[in-house]
Amino acid sequence: MKTLIWLFVAILITLPWLFFVVTGQVHEMEVSHPAMVSCLTGLAIVGAAFMLGWGAELSERDIPRALALIFLALISVLPEYAIGLHYAWTEGQSGTHEGLAIANMTGANRILIGVGWALVAIVYYLKHGKKEVPLDDSQELELGFLMLATIYSLVIPLKGTLSLVDMVVMFSIFLLYAYRASRSDKHEEPELDGLAGELDKRLGDGGRRLCIISFFAFAGLVIWFSSEPFAEGLKATGTQYGVSQFLLVQWLAPLASESPEGLVALLFALKGKGSTGIGALVSSKVNQWTLLVGALPLVYGLGVYSKFGNFGAMVLTRQHKEEMLLTSAQSFFAAVIIADFRLALWEGVLLLVLFGAQFLFPQPYIRDVFSGLYLVMAIGLLMTSKVRRQMLWRALTFR
């Protein structure tokens, strides 16, 4: 019974913000109390994140693990879609190239790996004393598609635009990923504990499935209504101190939108399920690196069409190209790191240090330096590790 209290707490902390949504006071709150909006929506997202974690655990009873992680990732990245696509639409309608959609997308992806993956490895070590998080062999599916999307993403900065061609390629990669996951026959009976275990004991098959759908639906709605106000509230509060709008959108907004999958992954790590935690983050990365990147030029083009009557591609400035290249290089390095199906503590710490070090050097060319560093280290790991080369080849050829 004690475990059920956490469910009530998770729901309870979402209610204050939902009250303002239902009563139509969102705009008034955003104008007059942006800091309060950030606080209330932040709590709502935290509550939703816990519900996503419980729902994902329960769903492993009924569907292949890879597909369960896709469902979790799709719902947990809703904040990122809401914020990124909002900026893409407004930029398309205004005909500007501010790049706020690019800023948000690249920041979110780099936080996911540089902070998310790293914290899972660190928490797993502090809680369980193990210096590496083992990844299940079945996660070669996520790894393969992450590599495929990353290799293509390296082309985008070279051509200087995000267009409908990129949309078709990225959407195709995701659809193939979802198809392969749905046909996965690797399904092990999970050992549930905590709230998920309690609900599994109390509910039959029908009740459990209804509970899963309810958790995902409620959490998805909460995240959808909370993420953009959270980001805008942080942005409005930070702007008072003269901070760059690009930097605010790139780093503060993703802290809100990435919190669901980050909290879910850390919960898995605390419970000794580090492999599931990393798997959820890798699946989220694949989702963001395919669906989100592909959706940006589509929504931008629709925004341009609605205002000017023609479809336009997103033009990348020099800064945007550098951000895209850095994000792609980090993604490539991270994928190579886990090509041996483990994430060592030192590797997680390295990802965190490299991510944090970028903030110590404000010079624009530093992005290119770190991009080169990521790529050189990735190539070095591949050259010195036969296991990584073999595992990576298997992942890319889906053997």
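**Figure 1. Arg-367 and Glu-323 are both buried (under 20% relative accessible area, with over 50% counted as exposed and values in between as partly exposed; 1.4 Å probe, protein chains only).** The model is predicted, with local features needing pLDDT of at least 70, side-chain atom pairs counted only at pLDDT 80 or more, and totals for chains, interfaces and linings using all residues. Residues are numbered from 1 along each chain as its sequence is written, and side-chain values use heavy atoms, without hydrogens or water. Arg-367 and Glu-323 form a salt bridge (a side-chain nitrogen of Lys or Arg within 4 Å of a carboxyl oxygen of Asp or Glu), with 3.4 Å between the closest N and O atoms. Arg-367 belongs to helix 18 (residues 366-384) and Glu-323 to helix 16, 44 residues apart; helices (H or I, at least four residues) and strands (E, at least two) are DSSP runs numbered from the N terminus. Through shared partners, salt bridges join Arg-110, Arg-318, Glu-322, Glu-323, Arg-367 and Asp-368 into one network.

**Figure 2. A salt bridge joins Arg-318 and Glu-322 at 3.2 Å, N to O.** The two residues are four apart in helix 16 (residues 318-337), so about one helical turn separates them. Arg-318 counts as exposed, at 61% relative accessibility, whereas Glu-322, at 5%, counts as buried.

**Figure 3. The side chains of Arg-342 and Glu-132 meet in a salt bridge of 3.1 Å, N to O.** Because Arg-342 lies in strand 4 (residues 342-344) and Glu-132 in strand 1 (residues 132-134), the pair ties together parts that are 210 residues apart in sequence. Arg-342 is partly exposed at 25% relative accessibility, and Glu-132 is partly exposed at 36%.

**Figure 4. The largest nonpolar core holds 78 residues.** Such a core is a set of buried Ala, Val, Leu, Ile, Met, Phe, Trp, Tyr and Cys residues joined through side-chain atoms within 4.5 Å. Met-105, Trp-117, Ile-156, Phe-333, Ile-338 and Leu-343 touch the most other members. Helix 7 (residues 100-128) gives the most to this core, with 12 residues. Beyond its neighbours within four places in sequence, Met-105 has contacts (heavy atoms within 4.5 Å) with Glu-80, Trp-289, Leu-292, Val-293, Leu-296 and Met-324.
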